[in-house]
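Visitor: Could you walk me through this structure and tell me what the words used for it mean?
Guide: Gladly, let us have a look together.

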Amino acid sequence: MCPLLHGLVAFVAFGSIAGAQPGVRLGLIYGEGGARPGIHVLPVAGASGDSIRAIVMRDLDFGDRVTVLSKNIALPSPVGAAAVDYRVAARLGINGVVQIAPVAGGVSMALYDVGAKQVLQRAIVPLPAATNTAAWRLAVHGASDLCEEWISGTRGIAATRLSFVADGRIWLVDSDGANALAITQAGRALSPAFRPDGQAVAYVSLEAGGSAIRVADLRGASRQVLEPRGLNISPTFAPDGASIAYAHGEDFGTDLYVVAASGGTPRRISIGRGTDNTSPSFSPDGRRIAFTSGRSGQPDVYIADQDGTNADLLAALSSSSQGYRSSPDWSPDGRAVAFQSQLAGRFQVMVISLRDRVVTQLTADASNEDPAWAPDSRHLVVSSTRSGVRQLWVLDTETGRARQVTGMSGARLAAWSTRVGS
Amino acid sequence: MRRDIVLAGLVMLSLSLGACRRKQVPVAAVPMTPSTAPAIAPAVASSAGGGLAVDRSQFLRDSMERARTDSLARLASTGAAVSLRAALEAAVRFDYDAADITDDGRAVLDAKLPILRTNMAVRVRISGHTDSRGSDEYNLALGLRRAASARKYLSDRGIAVDRIDIVSFGEERPATSGDDEGAFSQNRRAEFEILSGADALRTPR
């Protein structure tokens, strides 16, 4: 997207929300000739200073919108009243400097524009007193996300969590791979889906006589929404968080249904006529669903109205596709759908733009499945075998960069939460 | 007087000698099933018309023979019960991405039909499974279709639907691990679990 337009939007937003502080210029930080801005994070004082600096640098790097310069760069201490030695910084290729310092109850954070030779933004970020806990890390991630918004105009996604399946259980993990925690007991659980408020996860429990859908409140207990009568799989929350769409089958044919999250009488929302229909994903306005269907003989991805009418193939078949396509995920900004497509015997992750129906292939190495969008509609988490073991990897759809998130003995079927605590 | 006693003794002696030479009841060379065992008792009863002393020893011989064939029959019925159970629990395999019953599947299912018809109390649960290729979620639907397909084959041939539960595990409970077609084909299956009514399975006639 055009940086000038970004800047204009950010300028208007910051001007109306932040309230200009004296001496603070509103705008964004740009790199040379359209390149990403080079950002230097100054060393942070205090007992947890090194941790804070490492987390913020890693978060900005994982955001793929800035180039984080080496921590081995040593900016000389500023001379006189200036907070930063702008001349040396400019010579070192630094476009923005981040200064974080401990204060009572948290940290102060400032962003300096090297080109303009002055401070761009300032804020106090509260942090929990107990350092290096999960809550403390989440708060530091929040500081990183705010800083990224100051620099690029887009809020970061560091303060988010992933949920996934490993070892028959549902897990939660921070977006940087820290604090992995199982939220179900031993058993056979599948298909986690975050509630839009990020405070609960719906999932499938496979039991001897059938499959049940349960909701685990992240601050409390787990609750059964649908009993294990027949097949009940692939739950997803509707955008309003009040109902859950899922697939249900009792004999021949599996159809999509929606039920109130508190339980109740399900309503059918696909017209399968005895075919298999699974894996629903809502558009952000809740009016349409993407889903996997075998109605044409082989599984493929369809889009329909949320009552099952007007079902259409999502993407035209290409000559290279073997025809097995599944597992759609609608982007939070409504503009694209990610899905997996079978090519040369393995699955690859594809993204289709809904505006022009152009399909982009995002992966080519090994097998890649189950794409799920991050809240920024730019990053995707996928389940990939590229390291030899099925693990979660985050892909940046703009630069193609891939980073591994999990290291346990196999992880798949990931979901990405909204920004926590925002 | 003494001549009559001697004569009676000689008659009794000749009778007993004759009884000794009387043929034994032939022993069956093959194990008998429980259904033929009761036939031995009437044969013993009908020979009770002979002399008392002769029939008691014969009765003893026949009893021991009956006990021996009974235990052979009991062993046979245990063996038969084991193979009846095995036939009920035998799994059905499927082709890739398909849920129709193959020729091999038909043979496995046909072997279950007479056992189910003879033992009306038996209830089973069929679980459908897939290999690990394909979408994890869609494979759960395919597994259900395979279980439903196996159940329909049986219900089309007279087995009541409410005697058969179906469930799917998709690719989540593979029979064997591996990424080759050998492992894949073993995992594409419908498994049969006996839920109840199989404590004393009767052999179909």
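Guide: Two residues are in contact if their C-beta atoms, placed from the backbone, lie within 7 Å. This is a predicted model, where local features need pLDDT of at least 70 and side-chain atom pairs count only at pLDDT 80 or more, while totals for chains, interfaces and linings use all residues. Residues are numbered from 1 along each chain as its sequence is written, and chains are lettered from A, ligands numbered from 1, in the order in which they are written.

Visitor: What makes domain 1 and domain 2 of chain A domains?
Guide: Their bounds come from an automatic or database domain assignment, which gives 3–152 for domain 1 and 161–416 for domain 2 of chain A. Taken over C-alpha atoms, their centres are separated by 35 Å.

Visitor: How many residues of these two domains of chain A are in contact?
Guide: 5 residues of domain 1 meet 9 residues of domain 2 by that C-beta rule. On the domain 1 side, helix 2 (49–62) and helix 4 (134–152) of chain A each give two or more residues. Helices here are DSSP runs of H or I with at least four residues, strands are runs of E with at least two, and both are numbered from the N terminus.

Visitor: What makes a set of residues a nonpolar core?
Guide: Such a core is a set of buried Ala, Val, Leu, Ile, Met, Phe, Trp, Tyr and Cys residues joined through C-beta atoms within 7 Å. The largest one has 100 residues, and A:Phe164 and B:Ala150 are among those with the most contacts inside it. Its largest share, 10 residues, comes from helix 5 (residues 136–155) of chain B.

Visitor: Which residues does A:Phe164 contact?
Guide: Leaving aside neighbours within four places in sequence, A:Phe164 is in contact with residues including A:Trp171, A:Pro192 and A:Leu392.

Technical notes:
A residue is buried if 20 or more other C-beta atoms lie within 10 Å of its own, exposed if 12 or fewer, and partly exposed in between; C-beta atoms are placed from the backbone.
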